[in-house]
Amino acid sequence: MDPADGDFEAFVAARGPRLLRVAWLLTGDAHLAEDLLQSTLAKVWPKWSRISGGHPEAYVRKTLVHQHASWWRRRWRGELPHGDVPDVVGPVDAYASVDLEQSLAAAVRSLPVRQRAVVVLRYFEDLSVEDTAATLGCSPGTVKSQSSRALRTLRAALPASVGGGDLRV
């Protein structure tokens, strides 16, 4: 066992829950988020001795976003048949039993991959425009335009009662 393995384990123990939340926000599914984080950690582990000296969390986060984009490009997004038909009709107001977190998470998941990554990194991870641009490998102007488009889409998708009117660039 390499001495750097202990550093990697400590990093995963300390930052794993936050990285898992980022993965969940990107995928919208707890199991896919676990798989995404696991494959990301498996990808960075062999390089840990080089990564750990700098900013390992930024590197892992960037790898996580790129891995998600790679999965998203390969995934088929058509309809899947569902075996169970609900016996009871849902409430008339689709948002009556949904709290803000679930509504916002669904709206974020409906964004295109690039916009979703920008929203997660800028507003959930609280990265600056420059840090987000560096993570995504694009210009700060691209981050700003993607943020603007994403927030416009989120405002339209969320009813004012849930907070859609309070989203500002």
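Predicted model: local features only at pLDDT ≥ 70, side-chain atom pairs only at ≥ 80, totals over all residues.
Residues are numbered from 1 along each chain as its sequence is written, and side-chain values use heavy atoms, with hydrogens and water left out.

If you set aside residues up to four places away in sequence, His-68 touches Leu-26, Thr-27, Leu-36, Val-113 and Arg-116, where a contact means heavy atoms within 4.5 Å.

Now select His-66, which also has its place in helix 4. With a relative accessible area of 39%, His-66 is partly exposed, and, again not counting residues up to four places away in sequence, His-66 touches Thr-135 and Leu-136.

**The chain as a whole**

Zoom out to see the secondary structure, which comes to 8 helices and 0 strands. Of the 169 residues in the chain, 37% are buried. Among the contacts in the chain with a separation of 6 or more, 61% are between residues 24 or more positions apart.

**Helix 2**

Next, select residues 30-44, which form helix 2; at 1.5 Å a residue its 15 residues should span 21 Å, and its end C-alpha atoms are 21 Å apart, which agrees. The expected span used here is 1.5 Å times one less than the number of residues in the helix. Colour Ala-33, Leu-36, Leu-37, Thr-40, Leu-41 and Val-44, the buried residues of helix 2. They cover an arc of only 130 degrees around the axis, and therefore lie on the same side of helix 2; the arc is that of the directions from the helix axis to the C-beta atoms. On the face turned away from this buried side, helix 2 carries the exposed residues His-31, Gln-38 and Ala-42.

**Helix 8 and its neighbours**

Move on to helix 8, which has 18 residues and reaches 25 Å from its first C-alpha to its last, close to the 26 Å expected at 1.5 Å a residue. In helix 8, Val-143, Gln-146, Ser-147, Ala-150, Leu-151 and Leu-154 are buried. Because they cover an arc of only 135 degrees around the axis, they are on the same side of helix 8. The face turned away from that buried side carries the exposed residues Lys-144, Arg-152 and Ala-156. What covers the buried residues of helix 8 includes helix 5 (100-109), helix 6 (113-124) and helix 7.

Show helix 6 beside helix 8, and you will see that their axes come within 9 Å and cross at roughly 95 degrees. Helix 6 is therefore roughly perpendicular to helix 8. The residues of this contact divide into 6 nonpolar, 4 polar and 3 charged.

Then select helix 7 (residues 129-136) together with helix 8 (residues 140-157), whose axes come within 8 Å and cross at roughly 100 degrees; axes are lines fitted to C-alpha atoms, for helices over the stretch in contact, and angles run from 0 to 180 degrees between N-to-C directions. Helix 7 and helix 8 are therefore roughly perpendicular to each other, given that angles under 35 degrees count as roughly parallel, over 145 as roughly antiparallel, 65 to 115 as roughly perpendicular and the rest as oblique. Here Val-129, Thr-132 and Ala-133 in helix 7 meet Pro-140, Val-143 and Lys-144 in helix 8. These residues divide into 4 nonpolar, 1 polar and 1 charged, where Ala, Val, Leu, Ile, Met, Phe, Trp, Tyr, Cys and Pro count as nonpolar, Asp, Glu, Lys and Arg as charged, and the others, Gly among them, as polar.

**A last stop in a loop**

Finally, select Asp-126, which lies in the loop between helix 6 and helix 7. At 65% relative accessibility, Asp-126 counts as exposed, and Asp-126 has a positive phi of about 60 degrees although it is not a glycine.

Technical notes:
Helix = DSSP H or I, 4+ residues; strand = E, 2+ residues; numbered from the N terminus. Buried < 20%, exposed > 50% of the residue type's maximum accessible area, 1.4 Å probe, protein only.
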